[in-house]
Amino acid sequence: MTHVMLFNLLLFGACGYAFWAGGAPERWTAAVFVLGGIATSVLPFQQRLSYHSVFWPLLSVDAAMLVVLIGIALRANRFWPLYVSALHLITIAIHGVKAFQPDLVPWMYAGASSKIAYPMLMLLAIGAWRHRHRLNRFGSDRDWSPLRKPEYDRS
C-alpha cells in the first residue's frame, strides 16, 4: 500500500502544482488525471488486484482518458501533451497485449500498466513549470492554438 500512497501523493502534488501554476492545457490535463485516479479507485478492489485477465472497467477509464488527452494535445499550444498522450496510448496497448496474450505474467501486466503514469505526472509538472517560466519571461503564453489559420488580406 505504500506505493499507492506514494502515487497519490505525487498525483495530487503534480496536479495541484498544475492547477496553481499552469495554463488551461495543464489544468485540463490535471483534471483528467485526478478524475481518472478517482474513477480507478472506485473500481472493484479485488478484481483490480488480480491482473490475470484484462480488467475491462480499467481499460474503459484509460480509453476515456486517452480520448480527452488527445483532444488536449490537438488543441494545446504546447508539445508536452503529445508526449503524455503517447505514453497513455502505451498503457492502452498494454491492455491490448494482455487481451491478445492472456498468459502474460500478471505482475508484468500490473507493473507495465501502472508505472507509465509516473513520467506522465512528471511531464505535467514540467509543463506547468515551463508555462510559469514563459509568463515571467515574456508576460504572456498562449494556451490554445487557433482552430484555423487566420486569413490574411492579400490586397
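1. The protein has seven helices and zero strands. Helices (H or I, at least four residues) and strands (E, at least two) are DSSP runs, numbered from the N terminus. From that end the order reads α-α-α-α-α-α-α. The C-alpha trace spans about 65 × 35 × 20 Å along its principal axes.

2. This is a predicted model: local features need pLDDT of at least 70, side-chain atom pairs count only at pLDDT 80 or more, and totals for chains, interfaces and linings use all residues. Residues are numbered from 1 along each chain as its sequence is written, and side-chain values use heavy atoms, with hydrogens and water left out.

3. Confidence next. Mean pLDDT (the predictor's confidence in each residue, from 0 to 100) is 89 for the protein, and 91% of its residues reach 70 or more. Helix α7 (residues 117–138) has the highest confidence, at a mean of 96, and helix α3 (residues 45–50) the lowest, at 59. Where pLDDT is low, the predicted coordinates should not be read in detail.

4. Helix α5 (residues 80–100) and helix α6 (residues 106–115) have axes that come within 8 Å and cross at roughly 165°. Axes are lines fitted to C-alpha atoms, for helices over the stretch in contact, and angles run from 0 to 180 degrees between N-to-C directions. The pair is therefore roughly antiparallel. Angles under 35 degrees count as roughly parallel, over 145 as roughly antiparallel, 65 to 115 as roughly perpendicular and the rest as oblique. The crossing is left-handed, meaning the near helix is turned anticlockwise from the far one by less than a right angle.

5. In that contact (heavy atoms within 4.5 Å), α5 supplies Thr91, Ile94, His95 and Lys98, and α6 supplies Tyr109, Ala112 and Ser113. By class, three are nonpolar, three polar and one charged. Ala, Val, Leu, Ile, Met, Phe, Trp, Tyr, Cys and Pro count as nonpolar, Asp, Glu, Lys and Arg as charged, and the others, Gly among them, as polar.

6. The axes of α2 and α7 lie 10 Å apart, at an angle of about 155°. So α2 is roughly antiparallel to α7. Their crossing is left-handed. Glu26, Thr29, Ala30 and Phe33 of α2 meet Met120, Leu121, Leu124, Gly127, Ala128 and His131 of α7.

7. One joins Arg78 to Glu26 at 2.6 Å, N to O. Arg78 is in the loop between α4 (56–75) and α5, and Glu26 is in helix α2 (residues 24–41), 52 residues apart.

Methods
Salt bridge = Lys/Arg side-chain N within 4 Å of Asp/Glu carboxyl O.
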